[in-house]
Amino acid sequence: MGSRRKSRELLLQMLFQCDMGKQSQDEVRRSFWTVREGTEEDVRGYADDLFRVARDRAGEIDRVIENN
């Protein structure tokens, strides 16, 4: 599996954990990566970047979803 694809898969898991677990971004990052210590650095870095952007733009994303 490609590293970008794996990063996107992990991103979705992080977003799910954040939403369903009602956890902060920092809590998710801390607990999520503790369980996945063997993740390649480039995969983890890209997933973290995507997660940060998705959480920073959550309000905008929610509005787009609600309007469609």
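This is a short tour of a predicted model, stop by stop. Local features are taken at pLDDT of at least 70 and side-chain atom pairs at pLDDT 80 or more, while totals for chains, interfaces and linings use all residues. Residues are numbered from 1 along each chain as its sequence is written, and side-chain values use heavy atoms, with hydrogens and water left out.

**Stop 1: helix 3**

Select residues 41-56, which form helix 3. Helices here are DSSP runs of H or I, at least four residues, numbered from the N terminus.

Now colour Val43, Ala47, Asp48, Phe51 and Ala54, which are buried (under 20% relative accessible area; exposed is over 50%, partly exposed in between, with a 1.4 Å probe and protein chains only). Viewed down the axis, the buried residues of helix 3 fall within an arc of 130 degrees, so they line one face of the helix. That arc is taken from the directions from the helix axis to the C-beta atoms. On the face turned away from the buried side, look for the exposed residues Glu41 and Asp56.

Next, show what covers the buried residues of helix 3: helix 1, helix 2 and helix 4 (58-67) are included. Contact means heavy atoms within 4.5 Å.

**Stop 2: Asp48 and its partners**

Select Asp48, which is buried at a relative accessible area of 16%. Asp48 forms a salt bridge with Arg29, the closest N and O atoms being 3.6 Å apart (a side-chain nitrogen of Lys or Arg within 4 Å of a carboxyl oxygen of Asp or Glu). Arg29 is in helix 2 and Asp48 in helix 3, so this pair ties together parts 19 residues apart in sequence. Arg29 is partly exposed, at 22%.

Arg44 and Asp48 are four residues apart in helix 3, about one helical turn. Salt bridges with shared partners join Asp26, Arg29, Arg44 and Asp48 into one network.

**Stop 3: helix 1**

Select Lys6 and Glu9, which meet in a salt bridge at 3.3 Å, N to O. They are three residues apart in helix 1, about one helical turn. The whole structure has six salt bridges.

**Stop 4: Lys22**

Finish at Lys22, in the loop between helix 1 (3-20) and helix 2 (25-35). Lys22 is not a glycine, yet has a positive phi of about 50 degrees. Lys22 is exposed, with a relative accessible area of 68%.

Terms used: Helices (H or I, at least four residues) and strands (E, at least two) are DSSP runs, numbered from the N terminus. The expected span of a helix is 1.5 Å times one less than its number of residues.
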